[in-house]
Amino acid sequence: MMDYPDDADGAALRRIATRCDMSKPMDIEFVVSVPDQAAGAELAHLVAKRGYTPSLEFDEEAEEWTCYCAKRMVPTYEAVVAAQQELDELGAEVGGYSDGWGTFGE
């Protein structure tokens, strides 16, 4: 098993590595919280230019907008952290922020 840093991303990657081949690309969905629908639509446009497949959803119970940004990639620690940083920077342009990620594996 690969040696990952001792943080939340490393812990998540260790869990995934127990059931997946970490050398193969997989779909990873990054979560970006946005203040409203207009900001989410703008973010969706920005992330699509960067190779992500966005989807915008409203959680009626929490009354929050979320832009999900999916990307097929090899799940290295560096790639996951870089994607979150990129999405956090893009999200900040519209008043949002990166809020985690997940995958079902390859």
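1. A residue is called buried when its relative accessible area is under 20%, exposed when it is over 50%, and partly exposed in between (1.4 Å probe, protein chains only). Helices (H or I, at least four residues) and strands (E, at least two) are DSSP runs, numbered from the N terminus. The structure is a predicted model, in which local features need pLDDT of at least 70 and side-chain atom pairs count only at pLDDT 80 or more, while totals for chains, interfaces and linings use all residues. Residues are numbered from 1 along each chain as its sequence is written, and side-chain values use heavy atoms, with hydrogens and water left out.

2. Strand 1 (residues 26-34) is largely enclosed by the rest of the structure, because seven of its nine residues are buried. Two strands are said to pair if DSSP finds at least two bridges between them. Strand 1 pairs with strand 3 in the antiparallel sense over nine bridges; Glu-29 has Ala-70 of strand 3 as its bridge partner. Strand 1 also pairs with strand 4 (residues 97-103), again antiparallel, over five bridges, and here Val-32 stands opposite Ser-98.

3. Thr-66 lies in strand 3 (residues 64-73) and is buried, at 11% relative accessibility. Contact denotes heavy atoms within 4.5 Å. Leaving aside neighbours within four places in sequence, Thr-66 is in contact with Val-31, Val-32, Val-34, Ser-55, Leu-56 and Glu-57.

4. Which cysteine sulfur is closest to that of Cys-67? It is the sulfur of Cys-69, at 3.9 Å, which is too far for a bond. A disulfide is counted as a pair of cysteine sulfur atoms within 2.5 Å, and a search of the whole structure finds zero. Cys-69 is accordingly in no disulfide. Both cysteines are buried: Cys-67 has a relative accessible area of 0%, and Cys-69 is likewise at 0%.

5. Helix 2 (residues 37-48) has twelve residues, and at 1.5 Å a residue it should span 16 Å, in agreement with its end C-alpha atoms, which are 16 Å apart. The expected span is 1.5 Å times one less than the number of residues. The buried residues of helix 2 are Ala-39, Gly-40, Leu-43, Ala-44, Leu-46 and Val-47. Seen down the axis, they fall within an arc of 165°, so they line one face of the helix; the arc is that of the directions from the helix axis to the C-beta atoms.

6. The cover over the buried residues of helix 2 includes strand 1, strand 2 (53-59), strand 3 and helix 3 (77-93). The face turned away from this buried side carries the exposed residues Ala-38 and His-45.
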